[in-house]
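Here are some short notes for a reader meeting this model for the first time. Please keep the 3D view open while going through them.

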Amino acid sequence: MLKKIISGGQTGADRAALDVALKFNVEHGGWVPEGRKTEDGTLPLKYRLQEMESPDYRERTRQNIRDSHGTLILSYGELTGGSKLTQSFAKVIGKPNCTIDLLNNDAFESAIISKSFVLENQLEVLNVAGPRLSNFPGIYRDVKIVLETMLYLLFLDTGKDRDIKFLLPGEINGEDFPSSIKQAVEILSDDLSLKGKTFIAKLEPRNIQMLYFVMLDYARHRVGFDSENKTLLEQCSTALEDDEMTIEDAVMEILKRLKLFLESRHILRVVK
């Protein structure tokens, strides 16, 4: 079972991997060069990476390979630079590695390959590497899509999607679209049965992806994202401090807040 995603914190593929981990409440980490150095400046502290004593990118690459159970390298075409070095280090160190050329494999095919790599090698800690954003402007988006799809496929393998279908309401109480995140949370809460509310309230934070994968399509429609609810989308973008946020990212933010909202109302607390 995949428990943790790590990377070197660089822009592009590395950062996409960390953002996917943060989105899905998957444990994340890794090593970053001294000074938390990246090509766009200092790596923000929201990324809980450890700082090397050396500013050499190669040193953090070696350490991430050592600290993981396997390394996934996503690239466009033949490996070059740091990606090629990552593959060489993984072979020398003797850790499983998988390279996917995104020019020859679409996102879904790449996700299937990634999922197989994780399962076949029983990886609990996955190191993700690839080119930086300045060399390949589309790499962040593509790696993010591949990894999110991989997590979805891993989730489907558990069969839990069938067990929690009861979360989806049989009837939708109106078509009023919310203009704020608070209203979106209240609308989704009102649609849920008591069983659904209690289940979400008690759900472990690391299992938020279960809620997301089952409720994504319903929630996206219910809050009006399918009808271009730009007001709500802008609120979510501000909350996440992310100008590149997708509708799917916005849905996850709303679902995380829904869980917190239900926790405060549907978990019995022992009063001492």
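**An enclosed strand and a buried helix residue**

1. Buried means under 20% relative accessible area, with exposed over 50% and partly exposed in between (1.4 Å probe, protein chains only). Strands (E, at least two residues) and helices (H or I, at least four) are DSSP runs, numbered from the N terminus.

2. This is a predicted model: local features need pLDDT of at least 70, side-chain atom pairs count only at pLDDT 80 or more, and totals for chains, interfaces and linings use all residues. Residues are numbered from 1 along each chain as its sequence is written, and side-chain values use heavy atoms, leaving out hydrogens and water.

3. In a regular strand the side chains alternate between the two faces of the sheet. Both faces of β9 are covered. Val-125, Asn-127 and Ala-129 are buried on one side, Leu-126 and Val-128 on the other.

4. Which strands pair with β9? Pairing requires at least two DSSP bridges between two strands. Strand β1 (residues 4–6) runs parallel to β9, with 3 bridges. Strand β7 (residues 70–75) is also parallel to β9, joined by 4 bridges. Leu-126 stands opposite Ile-5 and is the bridge partner of Gly-70.

5. Ala-21 lies in helix α1 (residues 13–23). Ala-21 is buried, at 0% relative accessible area. Not counting residues up to four places away in sequence, Ala-21 touches Ile-5, Val-26, Glu-27 and His-28; contact means heavy atoms within 4.5 Å.

6. Ala-21 and Lys-144 are 123 residues apart in sequence. Their C-alpha atoms are 9.9 Å apart in space.
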